[in-house]
Amino acid sequence: MQVVQRTSTQLTLRDRPVGIWLLGSFVAAIGLLIFISCEPPVDFFGASCIVLADLAILFAPVETCAFDKTLDRVILTRQGWMGTAARERLVHKIVDAQVEEFVFLGTRFYRVNLVLISGKHGVA
């Protein structure tokens, strides 16, 4: 997660799916090697790997979370190849922020749950 903007009234965070991009690139490279080096029907498997990896890379969304005290808003946007989806919540309705840590192959990942007064969860 990258801090895009940080002031006394605003905080903007952006999360790019670098892991999906790297995994997709690796699968596409393996698929290309299979496609080049093998005869039918195995080369169709390589072509399928290339297509699926490219689709995963294209459809992986970039998520942005913007906290703005002056507007009293938290704006969660998910921007992908097919468009942008945005959700807004009020900052003063956030009661708690829960951070969950996951460790996968030695890499730490964090999930932030915003607990609102209404009891709904928004993931940042």
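Reader: Where is the place of D72?
Author: Helices (H or I, at least four residues) and strands (E, at least two) are DSSP runs, numbered from the N terminus. By that numbering, D72 sits in the loop between β3 and β4.

Reader: What kind of model is this?
Author: Residues are numbered from 1 along each chain as its sequence is written, and side-chain values use heavy atoms, with hydrogens and water left out. Local features need pLDDT of at least 70, side-chain atom pairs count only at pLDDT 80 or more, and totals for chains, interfaces and linings use all residues, since the model is predicted.

Reader: What is the phi of D72?
Author: β3 and β4 form a hairpin with 4 residues between them, and D72 is in the turn. D72 is a residue other than glycine, yet its phi is positive, near 55 degrees.

Reader: How many bridges join β3 to β4?
Author: Two strands pair if DSSP finds at least two bridges between them. β3 and strand β4 (residues 73–80) run antiparallel. The number of bridges between β3 and β4 is 7.

Reader: What is the order of the strands in the open sheet?
Author: Strands of a sheet pair through backbone hydrogen bonds, either parallel or antiparallel. Here the open sheet has 5 strands with antiparallel pairing, and their order is β1-β2-β3-β4-β5.

Reader: Which strands stand at the edges?
Author: A strand with a single partner is left without a neighbour on one side, and so it stands at an edge of this sheet. The two strands placed like this are β1 (2–6) and β5 (83–90).

Reader: Which residue of β3 stands opposite L11?
Author: β1 and strand β2 (residues 10–15) pair in the antiparallel sense over 4 bridges, and L11 in β2 is the bridge partner of R6. β2 also pairs with β3 in the antiparallel sense, over 6 bridges. In β3, the residue opposite L11 is F67.

Reader: Which residue in β7 is the bridge partner of Q98?
Author: Strand β6 (residues 94–104) and strand β7 (residues 107–116) pair in the antiparallel sense over 10 bridges. These strands form a hairpin with 2 residues between them, and L105 in the turn has a positive phi of about 55 degrees. The partner of Q98 in β7 is N113.

Reader: At what angle do the axes of α1 and α2 cross?
Author: Axes are lines fitted to C-alpha atoms, for helices over the stretch in contact, and angles run from 0 to 180 degrees between N-to-C directions. The axes of helix α1 (residues 18–37) and helix α2 (residues 42–59) come within 7 Å and cross at roughly 160 degrees.

Reader: Is α1 roughly parallel or roughly antiparallel to α2?
Author: Angles under 35 degrees count as roughly parallel, over 145 as roughly antiparallel, 65 to 115 as roughly perpendicular and the rest as oblique. The crossing angle therefore makes the relation of α1 to α2 roughly antiparallel.

Reader: Which peptide bond is cis?
Author: P41 is found in the loop between α1 and α2. With omega near 5 degrees, the cis bond is the one from P40 to P41.
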